[in-house]
Amino acid sequence: LKNQVCFPLYSASRLITKAYKPFLDEMGITYPQYLVLLVLWENDAISIHQISEKLLLNTNTLSPMLKRMEKLELIQRNRSTEDERSVIVQLTKKGEKLQDEAKPIPEKLLKILLNENINLSEVLQLKEMLNHWIEILKVNEK
């Protein structure tokens with residue numbers, strides 16, 4: 001286990017998600033739902049396929065979550081008028097309002113991560129490296 005590269009990534013991911021939990025609990029959403037909202041806050045009214053590509057999630061994983069989010073009245077799903085096979089997801093007023101609540105979350109998380117041993121440039125360097133790894137692994141996934 002100590003020789004595995006993937007284990008520290010897995011553990012860090014779990015712990016960061018856990019650090020998000022108190023902030024997201026206040027909003028009544030889960031971390032995966034937060035990610036969907038982040039996508040929609042950047043680009044509202046997009047297809048499930050587009051959300052799937054941005055979050056690197058299969059549509060069969062995404063669809064049940066979107067149904068729950070629709071029940072929470074955060075989003076609405078409608079068939080595309082241009083292509084009836086495509087489902088368009090867009091924010092409701094309630095989903096739009098959550099963006100204001102969510103704005104301080106990244107800064108709060110950074111305060112948890114940054115200390116005398118870790119500085120912002122190291123966090124940004126790690127993010128850049130992980131994005132590079134993601135691109136490499138996405139190519140090899142196909």
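**Aromatic pairs and the pocket**

Analyst: In this predicted model, Y34 counts as buried because its relative accessibility is 3%, under the 20% limit. As to the general idea, the distance of the centres and the angle of the planes describe a pair of aromatic rings. The count here comes to four aromatic pairs. One of them joins Y20 and Y31, a tilted pair with 5.0 Å from centre to centre and 55° between the planes.

User: Which helices hold Y20 and Y31?

Analyst: Y20 belongs to helix α1 and Y31 to helix α2, so the pair ties together parts that are 11 residues apart in sequence. Y20 is buried, at 14% relative accessibility, whereas Y31 is partly exposed, at 24%.

User: How is the pair of Y31 and Y34 described?

Analyst: That pair is also tilted: the centres are 6.2 Å apart and the planes stand at 40°. Both residues lie in helix α2, three residues apart, or about one turn of the helix.

User: Which residues lie nearest the centre of the largest pocket?

Analyst: They are Y31, K127, L130, N131 and I134, out of 42 lining residues. The space in this pocket is about 2200 Å³.

User: Which element gives the most to the lining, and how does the lining divide by residue class?

Analyst: Helix α7 gives the most, with 14 residues. The lining comprises 28 nonpolar, five polar and nine charged residues.

Notes: Residues are numbered from 1 along each chain as its sequence is written. This is a predicted model: local features need pLDDT of at least 70, side-chain atom pairs count only at pLDDT 80 or more; totals for chains, interfaces and linings use all residues. Side-chain values use heavy atoms; hydrogens and water are left out. On a 1 Å grid over the protein atoms alone, a cavity is a set of points where a 1.4 Å probe fits but cannot get out, and a pocket is an open set with protein on both sides within 12 Å along at least five of seven lines; lining residues have an atom within 4 Å of a point. Grid points are joined across faces, edges and corners, and a volume is the space filled by probe spheres set on the points. Helices (H or I, at least four residues) and strands (E, at least two) are DSSP runs, numbered from the N terminus. Ala, Val, Leu, Ile, Met, Phe, Trp, Tyr, Cys and Pro count as nonpolar, Asp, Glu, Lys and Arg as charged, and the others, Gly among them, as polar. Rings of Phe, Tyr and Trp (its six-membered ring) pair if their centres lie within 6.5 Å; planes under 30 degrees apart count as stacked, over 60 as edge-to-face and the rest as tilted. Buried means under 20% relative accessible area, exposed over 50%, partly exposed in between (1.4 Å probe, protein chains only).
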